[in-house]
Amino acid sequence: MREFVRERWDLVALVVLAAAPLVLPALGGALGGQVTTLFIYCILALGLNVMVGYTGLVHLGIAAFFGIGAYMMAILTVPMYPFQLGWLAAAIVSVLVAAGIGLALGAPTLRLRGDYLAIVTLGFGEVVKVTLRNLEQITGGMKGLNPVPPPGAGVKIGPLDLGLAFAVDPRWFYYLALAALAGVVVAMRRLEHSRLGRAWVAVREDELAASAMGISATRVKLSAFAMSSAVAGLAGCLYAGSLSTTADPNAYDFSRSIMVLCAVILGGLGSIPGTLLGVAILVGFDTVLAPWADSWIQQWNVNPSGSSLLSFSGWRLAIFGLALVLVMRYRPEGLVPSRRLAAELHEAHP
Amino acid sequence: MQFFLQQCLIGLTNGALIALVALGYTMVYGIIGLINFAHGDLIMLGACLALSLVAALGLGLGDPGGMAAAGPVGTWLGIALLVGLCGLFCGGLNVAVDRIVYKPLRTAPKLAPLVSAIGVSFIFMNVGLFWLGPADRSFPELLPAANLLPGDGLQFTWKDLLVVLIVGPLMLALSLLVRGTRLGKAMRAVAQDPTAATLVGIDVDRVIAATFFIGGFLGGAASVIYGLYINTIGFQMGFQNGLYAFTAAVLGGIGSIPGAVVGGIVIGLVRALSSAYVGERWTGAIVFAILIVILVFRPEGLLGRRTKEKV
């Protein structure tokens, strides 16, 4: 049994998560929405992992592509615009647009050395955020675009109105996001061992040696850029869909990019289970543990004066920062390192 | 025309301030290849200390329009004291962080120190949150707003003079130190090749510590100027200012000290001109768009050296 869990953690997790809404009624409420967001961040992090983990390119602006996906989705579906595509068509177009913008950014900048590329992505993230905020006629400024209709609006299967079901019960979106996440995990796993995936790793390890072996480093890096942007765009579509609004542009700012990057590195670069675990820890800490600890402190009345020194969320940033520092100090390869990376590290420091 | 010149003057003063912060990024990067994400927040803590010191020394008392109650001599001495103390504080803190956090990671994968720096930045921010509270705080005006130039044309106030008076000597001292002293020579050697530097008898760790101290000291001085010049500080100020300064460092060619100064001044000018002619809210986008364009055409930055990749 233990052996089975270790080998097939993915199936076990999928079954547990798929069964959870049937057992836990709380997932039909606000908690369901939070877990859906968690799944969406997992997809976003898996997208970033293509760039940072497999290909070794530091990307500090992944949230921009998350935002592009979300805003494209909204533009294609909200009543304010004439397009009003169906959900699936809108999602496909948004993902393609995100990938295209990724290519457009990557093509001129890929010859930059590592840290310079990081700055370009950071700068691009800021440009996108400022643009989303200021182009009020197109993006709705700080209000964002809404309402993004639920998937399957107007589609009726027998007595069931699909759009209405999505709008009323968060469990529908829970399953949609879970299915998307499972799909992305499967796709990533296939990619990892494909010709392209091995080329990504080869470029990460040694770009010169890889090109000497006949790999076109530029093309390989560009495809990583496009893939990363596309997956981030998909996460953005689901995000806008699940909230039924794009929310304000600050949802796609640098701190979001950094959080996702930290999740990937914390979990283990290039490792799918690591990435998922990293997101679960970071996002779970923020949205589940911190509010819970705060309410606990309030319940026990330790903090009658309401001082921020005595509330858990007052220490949120410090705990978060300390965790990053400690993990990097004692497990620089991440919590669940990819086998290849771990092997390398141990070879380098016997 | 006069409006344009005025904007340039604002840009230059702002740019000098950005350059001071950019030096902290570029020196650390030049020597250990680390993007020190915590530098902006270090400066935020310096500004916290400056605010507390202003209150403790009673410098902020008196007529807000004129010189403070301490009198002109007292005020300038007080400012000098602030610069010194905040510089020592930020420099010392920077060295301590290097010793505790970055030093054990010298041989770790390259991303590890970067993530640690992000972690340190969060910790600093939390300290700043406790120190200042969640809201922005106003920093007392210590200098009169009178114009120093004749006529009602261009405005050049005591505050602008203050920036020049602090930044000028610090830059001069830094360039003398890097060019003329043994420590400066050792710093340049370590930046070029740490292993070879060890072989010729340089204590690399001490040189790195010295670099962190100098970068931090300049940041501490910048934090005092920031408080006196911008007059509003908050626990989140580190991020945005750090971003601009870091952009300046990259623009000038990261690792290059004159590059950081040039980059800072360019960013300052771009910021001032785009705020004046395009609108404040687009400034961030314009600065970063220019950065991307410059990097595409000159990937090594304005004054950086092109490095050939070796097998």
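Mentor: A crossing of two helices is called left-handed if the near helix is turned anticlockwise from the far one by less than a right angle, and right-handed if it is turned clockwise. With that in hand, we may read this model, which is a predicted one.

Trainee: In which hand does helix 2 of chain B pass helix 3 of chain B?

Mentor: Helix 2 of chain B makes a right-handed crossing with helix 3 of chain B. The axes of helix 2 (residues 39–57) and helix 3 (residues 71–102) of chain B come within 9 Å, and they cross at roughly 140°. Helix 2 of chain B is therefore oblique to helix 3 of chain B, because an angle has to be over 145 degrees to count as roughly antiparallel.

Trainee: Which residues of helix 2 of chain B and helix 3 of chain B meet?

Mentor: From helix 2 of chain B come Leu42(B), Ile43(B), Leu45(B), Gly46(B), Leu49(B), Ala50(B), Leu53(B) and Leu57(B), and they meet Gly78(B), Leu82(B), Leu85(B), Cys86(B), Phe89(B), Cys90(B), Leu93(B) and Asn94(B) of helix 3 of chain B. By class, this contact of helix 2 with helix 3 of chain B has 13 nonpolar residues, 3 polar and no charged.

Trainee: What is the hand of the crossing of helix 1 of chain B and helix 5 of chain B?

Mentor: The crossing of helix 1 and helix 5 of chain B is left-handed. The axes of helix 1 (residues 2–32) and helix 5 (residues 158–180) of chain B cross at roughly 35° and come within 10 Å. On the side of helix 1 of chain B stand Thr13(B), Ala16(B), Leu17(B), Leu20(B) and Leu23(B), which meet Asp160(B), Val163(B), Val164(B), Val167(B), Leu170(B) and Leu174(B) of helix 5 of chain B. The residues of this contact divide into 9 nonpolar, 1 polar and 1 charged.

Trainee: Turning to the two chains together, how many residues of chain A are in contact with chain B?

Mentor: Contact is found for 34 residues of chain A with 35 residues of chain B. On the chain A side, the elements that give two or more residues are helix 5 (87–109), helix 6 (114–134), helix 13 (254–267) and helix 15 (316–330). Helix 6 of chain A gives the most, with 11 residues. By class, the side of chain A that touches chain B has 22 nonpolar, 7 polar and 5 charged residues.

Trainee: Is helix 6 of chain A mostly covered or mostly uncovered, and how many of its residues are buried?

Mentor: One counts a residue as buried when 20 or more other C-beta atoms lie within 10 Å of its own. Helix 6 of chain A is mostly covered, with 17 of its 21 residues buried. From its first C-alpha to its last, helix 6 of chain A reaches 30 Å, close to the 30 Å expected at 1.5 Å a residue.

Trainee: At what angle do helix 4 of chain A and helix 6 of chain A pack?

Mentor: Helix 4 (residues 62–77) and helix 6 of chain A pack at about 35°, and their axes are 8 Å apart. Helix 4 of chain A contributes Ala63(A), Ala64(A), Gly67(A), Ile68(A) and Tyr71(A), while helix 6 of chain A contributes Phe124(A), Gly125(A), Val128(A) and Leu132(A). That contact consists of 7 nonpolar and 2 polar residues, with no charged one.

Trainee: Let us consider the backbone. Is the peptide bond from Asn146(A) to Pro147(A) cis or trans?

Mentor: The bond from Asn146(A) to Pro147(A) is cis, its omega being near -5°. Pro147(A) is found in the loop between helix 7 (136–139) and strand 1 (156–157) of chain A.

Trainee: Is Ala247(A) buried, exposed or partly exposed?

Mentor: Ala247(A) has 18 other C-beta atoms within 10 Å, so it is partly exposed. Gln84(A), with 13 other C-beta atoms within 10 Å, is also partly exposed.

Trainee: Which residues does Thr283(B) contact beyond its neighbours within four places in sequence?

Mentor: Those neighbours aside, Thr283(B) is in contact with Arg271(B), Ser274(B) and Ser275(B). Thr283(B) has its place in helix 11 (residues 283–297) of chain B. Because 19 other C-beta atoms lie within 10 Å of Thr283(B), it is partly exposed.

Conventions. Residues are numbered from 1 along each chain as its sequence is written. Chains are lettered from A and ligands numbered from 1 in the order in which they are written. This is a predicted model: local features need pLDDT of at least 70, side-chain atom pairs count only at pLDDT 80 or more; totals for chains, interfaces and linings use all residues. Two residues are in contact if their C-beta atoms, placed from the backbone, lie within 7 Å. Helices (H or I, at least four residues) and strands (E, at least two) are DSSP runs, numbered from the N terminus. Ala, Val, Leu, Ile, Met, Phe, Trp, Tyr, Cys and Pro count as nonpolar, Asp, Glu, Lys and Arg as charged, and the others, Gly among them, as polar. Axes are lines fitted to C-alpha atoms, for helices over the stretch in contact, and angles run from 0 to 180 degrees between N-to-C directions. Angles under 35 degrees count as roughly parallel, over 145 as roughly antiparallel, 65 to 115 as roughly perpendicular and the rest as oblique. A residue is buried if 20 or more other C-beta atoms lie within 10 Å of its own, exposed if 12 or fewer, and partly exposed in between; C-beta atoms are placed from the backbone. The expected span of a helix is 1.5 Å times one less than its number of residues.
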